[in-house]
Amino acid sequence: MIRRLLRRMFTTAPTPRLKVYPLKSHGISRDRISSCALRTTEGLQRGGHSAFVVGGAVRDLLLGRDPKDFDLATGATPEEVRGLFRRSRIIGRRFRLVHVMCGPETVEVSTFRGTQGDGEEGDQLHDEHGRILRDNVFGSQEQDATRRDFTVNALFYDPAKQEIWDYYDGMRDLKARRLRMIGDPEPRYREDPVRLLRAVRLAAKLGMEIDRATAEPIRRLAPLIEHVPAARVFDEMLKLLLSGHAAECVKELRRRGLHHGLLPMLDVILEQPLGERFVMLALRSTDERILEDKPVSPAFLFAALLWHEVLAAWKKLGKGGMKPMPALHQAMDQVLGVQDEKLAIPRRYDAVIKEMWAMQPRFEQRAGRRPFRLLEHERFRAAYDFLRLRCESGEVDPALGRWWEEFQHASPERREHMLVAEEAPKARRRRRRGPRGGGGAAPAAAAGS
Ligand code: ATP
Ligand code: MG
């Protein structure tokens, strides 16, 4: 208790100590920087301003990864930046920054932000996106470093001198693979509870250990996420799910008590034992796709995350005597209706999610022209991937997946042959007369058997 108090008293205003690392000590030469980021830092520096690559890009380069994008930090105000680059625009209101465009590439340039002044502490100045309103107060580079979240995220790279500027021993932490909050972790999490999720996501993504003092308050402060606007939590969850390490992140969130109550989406995912296997398979396959640079659709992911909810609702409605297809549609609406209140998945994904679900029973229809029509559906590929996950998780007979695998790639003659072999008219008539496996709304499980 006293230790915690002392720590809070002495560490809320961390003391930055600048270390400058030359090229030979870090090995990141300027040709690793994107041409747009280079041109922009050069332009700013020619205009008499300091300019650095900052944040995730520097960190990722040092870890030997390709940065997703290059963010720049500068001493120039947004208006000054705007004045230097013809193809640029100021964006954001409460967190104003400048997008500078070169060809297809855009870099984000933000002005060094100041830290909150004394007497303003406890000001929870978030806008509707959770951004601290104070962020439009400009400051020094040192202050800008201080308001960043983790030490490894506060490294500045000067492409002209090929130097790394490090105020908080980020280089040391990076070497030790340690994710450490700048300053006293607790107030930093309180200031912006999304940092709780960022800690877990970045540790999983970067293969880092969360430093003990940084990890300690996480479980205790987890409920604070409830006060973050749903849209911002959703954005962070999306980043997490598309990080290429979703399976790990989700396990880690659970381990640290970050999933419970405050993240209903994860509750849904993890607290249905039947669905867990399916969901973990979906997350792992998403991770693989991302690591192979293949496109991933968030709608696919949400469809997978909620599928077992749909199955449960579908089954229930079927037991109540509803016919399979109307029951499926009602189940989909129910699940999406609940998630709309609880999970904050934007409605714009609904149509695609529904399509993915509604296509699933159609995989069982392998007679006549229906399989051909399904094959031509613009979302066939995604729906088929979805089916494969269902097969792999044991929900559906793998034979059905194999049939479709062959059918898609077969010659026209072979396809006709497959149809005949698989769906004799007699069998079809028999199936039409009465549902198999009891319960008209039994999820499409028995297919292929
Ligand atoms: P990623 O690789 O996922 O993009 P990142 O660290 O680059 O990770 P961004 O959201 O792109 O994450 O943020 C860029 C930089 O802005 C971070 O490296 C960090 O310095 C700072 N930052 C972002 N979010 C926060 C936050 N919630 N609190 C403090 N600093 C933040
Ligand atoms: Mg980034």
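Predicted model: local features only at pLDDT ≥ 70, side-chain atom pairs only at ≥ 80, totals over all residues.
**Close-up 1. The buried side of helix α3.** Cys36, Ala37, Leu38, Thr40, Thr41, Gly43 and Leu44 are the residues of α3 that end up buried. What do the buried residues of α3 pack against? Their partners are β2 (51–54), β3 (71–74), α5 (78–84), β5 (97–102) and β6 (105–111).

**Close-up 2. Helix α3 from end to end.** Running over residues 35–46, α3 has 12 residues. From first C-alpha to last, α3 reaches 16 Å, close to the 16 Å expected at 1.5 Å a residue. Look just past the end of α3 and you'll find Gly48, which takes a positive phi of about 90 degrees.

**Close-up 3. The Cys36–Cys102 disulfide.** Here the sulfur atoms of Cys36 and Cys102 sit 2.0 Å apart, forming a disulfide. The link is right-handed, with 70 degrees about the S-S bond. Cys36 belongs to helix α3 and Cys102 to strand β5, so the pair ties together parts 66 residues apart in sequence. Are these cysteines buried or exposed? Cys36 is buried at 1% relative accessibility, and Cys102 is buried too, at 11%. The disulfide count comes to 1.

Close-up 4. Cys249 has 0% relative accessibility and counts as buried. Cys391, with a relative accessible area of 9%, is also buried.

**Close-up 5. Helix α10 and its cover.** Within α10 (residues 212–221), the buried residues are Thr214, Ala215, Pro217, Ile218 and Leu221.

Terms used
Residues numbered from 1 in each chain as written. Chains lettered and ligands numbered in written order. Heavy atoms only, no water. Helix = DSSP H or I, 4+ residues; strand = E, 2+ residues; numbered from the N terminus. Expected span 1.5 Å × (residues − 1). Buried < 20%, exposed > 50% of the residue type's maximum accessible area, 1.4 Å probe, protein only. Contact = heavy atoms within 4.5 Å. Disulfide = S-S within 2.5 Å.
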